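Please examine the sequence and the structure shown below.

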Amino acid sequence: MAAATRALRSFLNANKRIADAIEPRLPQARHDLQEEYVDLVGRLMNERDGLVVVDVGAGRRCHFAHFRDPAKGTRIVGVDVSAEELAHNTDLDEKRVADAQRGLPVGDEEADLIVSRSVVEHLEDVDAFVANAARALKPGGRFVHVLPAKFSPHSVVNQLLPKRLGRRLVHTFVPGSEGRLGFPAYYDHCYPAGLRRVLRKHGFEVEELQVSYYQSDYYGFFLPLYLASVGYELLVRAARAENLAATLLVVARRP
Ligand SMILES: C[S@@+](CC[C@H](N)C(=O)[O-])C[C@H]1O[C@@H](n2cnc3c(N)ncnc32)[C@H](O)[C@@H]1O
């Protein structure tokens with residue numbers, strides 16, 4: 001039994017090594033929107049002195065906090081529905097426990113930036129969240145979010161699987177994903193047309209909406225699945241079918 005487990009593990013590892021070698025050659029894998037989000041928020045939060053940044057669903061880490069320029073007096077307020085997740089976070093200036101759909105625990109027009117990474121897909125009511133953000137942002141303030149999109153194959157499977165099974169599969173096949181992946185996801189309005197519509201409804205100007213099609217790294221453990229996914233991504237990318245993208249980066253401004 002132990003020998004069979006070892007053989008399976010080494011087979012999966014060999015598949016992953018080949019997938020990792022292919023990845024840098026793929027056009028759809030060259031553009032990492034999560035990195036772009038971190039750089040963008042890092043730049044925006046140092047644009048002027050004394051900005052208030054609200055990191056929604058801050059979780060265990062604030063990925064842009066290392067860009068904070070101490071001379072600028074930027075304040076990062078982390079909001080999360082889970083006190084347990086926030087307890088791990090040492091990057092924040094302040095922590096506030098709240099459900100971002102029911103209300104953001106910041107004053108009217110207090111925030112300069114309302115941002116999140118891998119959080120919007122976990123909200124059942126994105127309309128309510130956007131309404132709360134419109135209230136909490138100063139005029140000219142920005143709403144910057146990076147999120148997985150609703151109609152990518154991975155997200156569709158995630159929506160079809162029972163939530164507990166989905167979480168177990170992610171934690172088994174993506175080592176180190178606890179606290180990062182596996183929270184229940186709803187993908188409400190999480191596609192370009194849906195996001196643009198809800199942002200405009202609440203008076204935002206959509207300045208930028210970037211898409212990325214790459215997500216085959218989830219399937220690196222089994223090469224045939226990885227290659228099938230890579231082929232699908234190349235097709236939807238060539239067709240510019242942005243509502244089928246895997247990841248979105250949205251930047252909107254409160255006029
Ligand atoms: C995948 S984690 C992302 C954590 C962090 N932003 C990061 O990039 O590492 C999602 C986080 O969103 C939080 N979350 C989920 N629903 C929320 C809600 N309604 N209001 C506030 N936070 C929420 C979860 O508790 C979790 O910490």
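Which pocket is the space taken by the ligand? That space is the second largest pocket. On a 1 Å grid over the protein atoms alone, a pocket is an open set of points with protein on both sides within 12 Å along at least five of seven lines. A molecule sits in such a pocket if more than half of its atoms lie within 2 Å of the grid points.

This is a predicted model, in which local features need pLDDT of at least 70 and side-chain atom pairs count only at pLDDT 80 or more, while totals for chains, interfaces and linings use all residues. Residues are numbered from 1 along each chain as its sequence is written, and side-chain values use heavy atoms, with hydrogens and water left out.

Individual atoms can now be considered. A polar side-chain atom of Asp99 lies 2.8 Å from a nitrogen atom of the ligand, and a backbone N or O atom of Ala100 lies 3.0 Å from a ligand nitrogen atom. A polar side-chain atom of Arg117 is 2.6 Å from an oxygen atom of the ligand. Taken alone, the ligand exposes 600 Å², of which the protein buries 93% (areas by the Shrake-Rupley method with a 1.4 Å probe).

The second largest pocket holds about 690 Å³ of space, a volume being the space filled by probe spheres set on the grid points, which are joined across faces, edges and corners. It is lined by 30 residues (each with an atom within 4 Å of a point). Gly57, Asp80, Ser118, Val119 and Phe183 are the closest to its centre.

A cavity, by contrast, is a set of points where a 1.4 Å probe fits but cannot get out. The whole structure contains 1 cavity of 30 Å³ or more. Among the residues that line the largest cavity are Ser152, Tyr213 and Glu233.

Terms used: A polar contact is a pair of N or O atoms within 3.5 Å; within protein, one must be able to donate a hydrogen and the other to accept it, and residues adjacent in sequence count only if both atoms are side-chain atoms.
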